[in-house]
Amino acid sequence: MQTKYLIIGNSAGGIGAAEAIREMDKEGTLTIVSDESYPAYSRPLISKYLTGERSFEKMLYRPTEFYVQNNIIFLPGKKVTHLELNHRTAQLEDGEHIVYEKLLLAVGGKPIVPRMKGNTRRGVVTFTTLDDAKAVDKFLDEANKVVVTGGGLIGVSATEALVKRGVDVTVIEMKERILNTILDEQASLIAEGVLKQAGVNIVTGHIVAEIEGDVMVEGVVLDNGDEIPCDLVVVAIGVSPRSELALNAGIKVNRGIVVNHHMTTSHPDVYSCGDVAEAYDFVYGENRLTPIWPNAYIGGRIAGYNMVG
């Protein structure tokens, strides 16, 4: 198939770009490909889905008719496996090819799962997508004790949901305090106090070295030898850029896909935004990864306007 604008990724950045494109170009063919089978939803709300506070319909980032109303060809559940930049072609896993004029890589990040013995056992899950939340929900039918490894935003969000589901939670944080990348020491202590009041056990300054069990998770061993029994391990270390597509296509990648002030990559017809993009940060005065939702959306809008010209 052929399209004028091809967006790979259907989260904040991809939606921001699509809206910007449609503001300037109502007619040019616009295609969004997503490896998830859902319309755009708010990933920060998966914890509310796990607690039952939000249905999927209440998590939608845009109404279900968004794609039809904006004349967007939406291809859910499709994975792009290869880019041929010279021919402006994206190849899908099922063998289909999409020929584009302008391409946006808004593919986001993938959960970091550290190398620890036993991390392939049943009951080791991540927590960044709706399918992750559904997987955790199934395990909670039998799980009573959960270890959350990572005390950042994702870990704390998962912990809040798990506490509301009535399970015992232990948070393992490598640094000396939780939420250390976004809060100062005093604010971290306030957050820690709230969690402890809710019954959460917090272990700082250590990592999970091994996950015990035969087939199912039965516990974890920390780097100091301490053992903590559990039925489920939620890995919430953070995300790393999904830059493989760009890297294999010869696009410049540092930690993420390097873009300029127009969100253009090293290839003039390819743009990038969101968690995968290494964009200019005016606070630091340099290109860096800033994997947060508002940056993804705004970066997507900038990319979309420039894709139109």
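Are Tyr38 and Tyr41 buried or exposed? I found Tyr38 buried, and Tyr41 likewise, where buried means under 20% relative accessible area, exposed over 50% and partly exposed in between, with a 1.4 Å probe and protein chains only.

I noted that this is a predicted model, in which local features need pLDDT of at least 70, side-chain atom pairs count only at pLDDT 80 or more, and totals for chains, interfaces and linings use all residues. Residues are numbered from 1 along each chain as its sequence is written, and side-chain values use heavy atoms, with hydrogens and water left out.

**Aromatic rings.** I paired rings of Phe, Tyr and Trp (its six-membered ring) if their centres lie within 6.5 Å, with planes under 30 degrees apart as stacked, over 60 as edge-to-face and the rest as tilted. The count came to 7 aromatic pairs. Tyr38 and Tyr41 are edge-to-face, because their ring centres are 6.0 Å apart and their planes stand at 90 degrees. Tyr38 also pairs with Phe56, tilted, at 5.6 Å centre to centre and 50 degrees between the planes. I recorded Phe56 as buried, as is Tyr38. Tyr38, Tyr41 and Phe56 form one aromatic cluster.

**Charges over rings.** I required NZ of Lys or CZ of Arg within 6 Å of the ring centre and within 35 degrees of the ring normal. Arg62 lies over the face of Tyr61, 4.4 Å from the ring centre. The charged end of Arg288 sits over the ring of Tyr284, at 3.8 Å from its centre.
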